[in-house]
Amino acid sequence: MAHPTPAEAWMARALELAQRGLYTTHPNPRVGCVLVKHGRLVGQGYHARAGEPHAEVNALHEAGEEARGATAYVTLEPCSHQGRTGPCAVALIEAGVARVVVAMEDPNPEVAGRGVALLRDAGIEVRVGVMAAQARALNPGFILRMDHGRPFVRLKMAMSLDGRTAMSSGESQWITGPEARRQVQRLRARSSAVLTGVESVIFDNSRLTVRADQLGLDDAATIAARQPLRVIVDSHLRLPEAAACLTEPGRTLVVAVEGAEEERVERLTRAGAEVLTLPAGSEGRVDLEALLRHLAEVEQANEVLLETGATLAGAMLDAGLVDEMQLFVAPTLLGGDARPLFQLAGIETMAHQRGLDILDIRAVGQDWRITARPKRRIKEGEE
């Protein structure tokens with residue numbers, strides 16, 4: 001294996017810093033920056049949360065006068081526009097840095113090359129593309145939202161070794177062990193929203209919250225203070241007003257089809273829900289693509305964690321709306337009468353099977369976690 005170049009080594013440090021914002025930067029991207037002068041680190045920083053200073057500003061503050069003539073390594077193109085904070089490209093110019101190394105261009109159309117152009121116009125040498133793949137992997141949802149107007153959807157399922165998720169009655173707690181459940185809490189914590197179907201909430205009375213005592217992280221209380229948006233697909237508003245999720249901190253968005261009974265809307269609203277109605281898609285159910293567009297455009301959701309039962313999970317897969325799967329497999333058997341992992345339409349022969357690309361398999365306590373990506377389905381007429 002080739003040794004990393006100095007630029008890669010410093011960028012790797014910037015990526016490590018960016019990772020510190022994994023749970024807190026919503027709706028902004030995770031960004032890290034280091035300042036290096038004569039081969040020595042003089043400043044470093046990362047973006048912690050929206051409205052607070054960006055990574056470059058934090059690094060410049062730490063470096064002080066040492067920033068003049070230094071090289072900045074940044075995981076995402078410095079911004080060029082005035083938002084809740086000032087443009088980072090201008091801050092780098094005013095600090096007198098001599099060179100800027102950028103992992104990837106910002107997909108935000110308000111930046112998209114303008115930050116790099118601003119730096120170059122000021123006479124600063126700029127290099128783009130160092131460890132770009134690693135930088136993209138850090139912000140899959142932000143990139144997808146900027147490029148395609150929808151969030152990155154990560155499907156989490158817990159199953160027995162024979163592929164079952166719950167007993168026929170709906171009982172499902174607990175299939176997996178505490179270590180796997182801790183990982184699920186971290187998946188929730190990094191997500192902008194948790195998406196589920198009303199059946200899952202009715203059966204489990206799910207709270208859909210991030211619980212600080214289960215995260216196993218040093219700053220768990222701070223992380224849990226930002227609860228992801230809870231989104232319940234409930235086409236015909238069957239959610240009980242006494243549902244536990246309606247009394248938890250944070251927001252619960254119940255999504256129904258247009259024309260839903262007004263009395264039910266009012267009752268759920270009084271119980272603490274926000275009710276959104278969308279056009280009906282297939283079989284009179286909520287249009288899932290329209291829902292994801294709403295989450296991206298209105299809620300600025302980068303990553304959505306899909307935690308649900310076989311019906312909604314299957315519908316999302318059928319619609320090609322799942323980007324990644326986190327499958328937790330427990331060393332237990334639930335039997336043929338238990339509920340399956342997915343309800344998938346149109347699978348009648350082996351030719352119809354749905355392929356997956358396995359990205360990672362690892363032990364989590366007594367369970368196994370499989371990270372996979374659905375293979376793109378070739379539609380009729382495509383080559």
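Before going on, what we have here is a predicted model, with residues numbered from 1 along each chain as its sequence is written. Local features need pLDDT of at least 70 and side-chain atom pairs count only at pLDDT 80 or more, totals for chains, interfaces and linings use all residues, and side-chain values use heavy atoms, with hydrogens and water left out.

Back to Leu237. Its phi is positive, about 55°, although the residue is not a glycine. Leu237 sits in the loop between strand 9 (229–233) and strand 10 (252–257). When I name elements like these, I mean DSSP runs numbered from the N terminus: helices are H or I with at least four residues, strands are E with at least two.

Asn205 also has a positive phi, near 50°, in a residue other than glycine. You will find Asn205 in the loop between helix 8 (198–204) and helix 9 (212–215), where its 39% relative accessibility makes it partly exposed. And while we are on the backbone, have a look at the peptide bond from His26 to Pro27, which is cis, with omega near 0°. Pro27 belongs to the loop between helix 1 and strand 1.

Now to the inside. In soluble globular proteins, nonpolar side chains tend to be buried together. I use "nonpolar core" for a set of buried Ala, Val, Leu, Ile, Met, Phe, Trp, Tyr and Cys residues joined through side-chain atoms within 4.5 Å. The largest such core here has 39 residues, and Met11, Leu35 and Val100 have the most contacts inside it. Which element gives the largest share of this core? That is helix 1, with 6 residues. Among the other elements giving two or more residues are strand 1 (32–37), helix 2 (55–63) and helix 5 (132–138).

Setting aside neighbours within four places in sequence, Met11 is in contact with residues including Tyr73, Val101, Val130 and Met131; contact means heavy atoms within 4.5 Å. There is also a second, separate core of 35 residues, which includes Val233, Leu288, Ala301 and Leu327.

Two of those names come back at Leu312. Leaving out neighbours within four places in sequence, Leu312 is in contact with Thr196, Gly197, Val233, Leu288 and Leu306. Leu312 is part of helix 13 (residues 310–318) and is buried, at 11% relative accessibility.

Leu312 also carries an annotation. In the unreviewed UniProt entry, "binding site" covers Ala158, Trp174, Asp204, Ser235, Gly309, Ala310, Thr311, Leu312, Ala313, Gly314 and Ala315. These span 158 residues in sequence, and the farthest two C-alpha atoms are 27.5 Å apart, so they do not all gather at one spot. A caution: UniProt positions are in the numbering used here, feature names are shortened, and annotations may be inferred rather than shown by experiment. Is Trp174, from that list, buried or exposed? Trp174 is exposed, at 55% relative accessible area, and lies in the loop between strand 7 (164–166) and helix 7 (178–190).

On to charges. A search of the whole structure finds 22 salt bridges, each a side-chain nitrogen of Lys or Arg within 4 Å of a carboxyl oxygen of Asp or Glu. Arg40 pairs with Glu66, the closest N and O atoms being 3.4 Å apart. Arg40 is in strand 2 (residues 40–46) and Glu66 in the loop between helix 2 and strand 3, so the pair ties together parts 26 residues apart in sequence.

Asp323 and Arg150 form another salt bridge, 2.8 Å from N to O. This pair links distant parts of the chain, 173 residues apart. Both partners are buried: Asp323 at 17% relative accessibility, and Arg150 at 16%.

Glu263 and Arg267 also meet in a salt bridge, at 4.0 Å; being 4 residues apart in helix 11 (residues 262–271), they are separated by about one helical turn. Finally, Arg30, Arg154, Arg190, Glu303 and Glu324 are linked in a network of salt bridges. Thanks, and happy to take questions!

Conventions:
Buried means under 20% relative accessible area, exposed over 50%, partly exposed in between (1.4 Å probe, protein chains only).
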